[in-house]
Amino acid sequence: MDDQDKDKIALRIACIAETKLAIVVTVLLENLQQDEQNRVDIYYVLEKVLQQDTGGLERRLVNKIITLAFDQMRESQQVTNELKVAASNTLVTLARCYFNNVMVELHHHLEPPQLPEEFILVTLRNLLSAYALKCIPFMVLTLLFMCYMQKLVKGGRMRQAFCGGKCQNLL
């Protein structure tokens, strides 16, 4: 399926979600858990649905999206970077209406003594970039976590992700 077809399908599903948000999100979440081959595409559709006003989404669905996306970003085997990017982008989009929920869960994955996965830091950077004012209440705790983690970061892509999040945090 080409990108144009994906966009058309995503827009059609997003239109249906305008009137049946909970049902559409539930079906998408079920498909994310069952259909391993099309997860990136399903996240793309979910992201389009979440770009609407989702302020009335049930808390259990919000929590399920957050849990599933973070789990897939942290999974190291059998998960491609493309899927991790899609999960991260979905969380950033969800944060438009549920910022505190996403940020609280993100902080759980930043807690020492373990170094977080690369895409946790990428998500942090994107949240800080997209929602700078909403990040202010979380700034002190985020900087404390990052100062501690700075000692653990050794090199490569992880250092790049870490530095991107830290620099974005300081801006």
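**Figure 1. Residue K8 in helix 1 of the predicted model.** K8 is found in helix 1, within a structure that is a predicted model. The residue is partly exposed, its relative accessible area being 47%. E18 lies 10 residues from K8 along the chain, and the C-alpha atoms of K8 and E18 are separated by 16 Å.

Figure 2. T90 belongs to helix 5. With a relative accessible area of 0%, T90 is buried. When residues up to four places away in sequence are not counted, T90 touches Y43, L46, E47, L50 and I65. Two of these partners, Y43 and L46, are listed among the residues of the largest nonpolar core that touch the most other members.

**Figure 3. The largest nonpolar core.** This core holds 54 residues, of which V25, Y43, L46, V49, L57 and L127 touch the most other members. Two or more residues are given to the core by each of helix 1 (3–17), helix 2 (21–34), helix 3 (39–50), helix 4 (59–74), helix 5 (81–110), helix 6 (118–130), helix 8 (139–150) and helix 9 (156–170). Helix 5 supplies the largest share, 13 residues. In soluble globular proteins, nonpolar side chains tend to be buried together.

**Figure 4. Contacts of the core residue L57.** L57 is one of the residues that touch the most other members of the largest nonpolar core. Leaving aside neighbours within four places in sequence, L57 is in contact with L21, V25, L50, V62, I65 and Y98. Among these, V25 is also listed with L57 for touching the most other core members.

**Figure 5. Packing of helix 4 against helix 6.** The two helices pack with their axes 7 Å apart, at an angle of about 130°. Helix 4 and helix 6 are therefore oblique to each other. On the helix 4 side the contact involves F70, M73 and R74, which meet F119, I120 and T123 of helix 6. Sorted by class, the residues of this contact are four nonpolar, one polar and one charged.

Figure 6. Zero disulfides are found in a search of the whole structure. A disulfide is a covalent bond between the sulfur atoms of two cysteines. For C15, the closest cysteine sulfur is that of C97, at 17 Å, which is too far for a bond; the cut-off applied to a pair of cysteine sulfur atoms is 2.5 Å. A further cysteine, C147, is partly exposed, with a relative accessible area of 43%.

Methods. Residues numbered from 1 in each chain as written. Predicted model: local features only at pLDDT ≥ 70, side-chain atom pairs only at ≥ 80, totals over all residues. Heavy atoms only, no water. Core = buried A, V, L, I, M, F, W, Y, C linked by side-chain atoms within 4.5 Å. Buried < 20%, exposed > 50% of the residue type's maximum accessible area, 1.4 Å probe, protein only. Helix = DSSP H or I, 4+ residues; strand = E, 2+ residues; numbered from the N terminus. Contact = heavy atoms within 4.5 Å. Axes fitted to C-alpha atoms, helices over the stretch in contact; angles between N-to-C directions. Parallel < 35°, antiparallel > 145°, perpendicular 65-115°, else oblique. Nonpolar A, V, L, I, M, F, W, Y, C, P; charged D, E, K, R; others polar.
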